[in-house]
Amino acid sequence: MALVKIGGGRSEAEGAEVIAERAEVEAFLAQFGIDYERWTPAHDIASDAPSDEILAAYASEIEALKRRGGYVTADVIDVKPETPNLDVMLAKFSREHWHDEDEVRFIIEGRGLFHVHPPDGPVFAIEVEAGDLIRVPRGTHHWFDLCSDRRIRAIRLFQDVSGWTPHYTDSGVDKGFEPICFGPAYVGRT
Ligand SMILES: [Fe+2]
């Protein structure tokens, strides 16, 4: 279940507004055209299953999304602490950018943190975990970090066969936000 943190604080204790209730998360994100859904129950897939197996298990959901959003291709991104050149890869995601197409992710395992920078409002963070589907519309300024466990496995859908193409804003806004996830074991500061 996604958490949304609004504002620059890391937690409620540091002044961030935190939304954890599903209907409120959906309603808040909908203001920005961001779709959020839970696909539950998720299919029972081993975390180390081959990508083909994951795509086959979720074939009907992927087809439904393709019909809805004009997505033409899907793949599986699989990132773990031992992934070679992980920091280089993460550096591409963690600078503010936008895309000419929607960013659609269904989280199979692990967690991650999207920051979204609306044109007229404060930056907010969306912490996603297994079972979360998120669609960030084309043109939305955002960036993405892993949580401290540096693990995520997700289905990605693309409207363009060329795949993930970022346009960096070079605003530097991302530098003002630490990628702090709450996570299941998070203990708020007092
Ligand atoms: Fe992106």
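This note sets out, point by point, the metal site and the side-chain contacts of the structure above.

1. Basis of the note. The model is predicted, so local features need pLDDT of at least 70 and side-chain atom pairs count only at pLDDT 80 or more, while totals for chains, interfaces and linings use all residues. Residues are numbered from 1 along each chain as its sequence is written, and side-chain values use heavy atoms, with hydrogens and water left out.

2. Iron site. His 97 (NE2), His 99 (NE2), Glu 103 (OE) and His 142 (NE2) coordinate the iron ion at 2.0 to 2.1 Å. Donors are N, O and S atoms within 2.8 Å of the metal (3.2 Å for Na, K and Ca); water is not among the atoms, so sites may look incomplete. The 4 donor atoms subtend angles of 80 to 173° around the iron ion, which makes the arrangement irregular. Four donors count as tetrahedral if all angles lie between 85 and 135 degrees; four count as square planar and six as octahedral if opposite donors are over 155 degrees apart and all others between 65 and 115; anything else is irregular.

3. Placement of the iron donors. Along the sequence, the donor residues follow the spacing H-x1-H-x3-E-x38-H. His 97 in strand β5 (residues 97–98) and His 142 in strand β9 (residues 142–146) link distant parts of the chain, 45 residues apart. Strands (E, at least two residues) and helices (H or I, at least four) are DSSP runs, numbered from the N terminus. His 97 is buried at a relative accessible area of 1%, and His 142 is buried with a value of 1%. Buried means under 20% relative accessible area, exposed over 50%, and partly exposed in between (1.4 Å probe, protein chains only).

4. Disulfide. The whole structure contains 1 disulfide (a pair of cysteine sulfur atoms within 2.5 Å). It is formed by Cys 147 and Cys 181, whose sulfur atoms are 2.0 Å apart. Cys 147 lies in the loop between β9 and β10 (152–158) and Cys 181 in the segment after β11 (167–168), so the pair ties together parts that are 34 residues apart in sequence. The torsion about the S-S bond is about -85°, so the disulfide is left-handed. Cys 147 is buried at 2% relative accessible area, and Cys 181 counts as buried at 12%.

5. Aromatic contacts. A search of the whole structure finds 10 aromatic pairs. Rings of Phe, Tyr and Trp (its six-membered ring) pair if their centres lie within 6.5 Å; planes under 30 degrees apart count as stacked, over 60 as edge-to-face and the rest as tilted. Among them, the rings of Phe 28 and Phe 32 have centres 5.2 Å apart and planes at 55°, so the pair is tilted. Phe 28 is buried, with a relative accessible area of 12%, whereas Phe 32 is partly exposed at 28%. Ring pairs also link Phe 93, Phe 114, Phe 144 and Trp 164 into a cluster.

6. Salt bridges. The search finds 16 salt bridges, each a side-chain nitrogen of Lys or Arg within 4 Å of a carboxyl oxygen of Asp or Glu. One of them joins Arg 135 and Asp 35 (2.7 Å, N to O). This pair links distant parts of the chain, with Arg 135 in strand β8 (residues 132–136) and Asp 35 in strand β3 (residues 35–38), 100 residues apart. Asp 78 and Arg 153 also meet in a salt bridge (3.3 Å, N to O).
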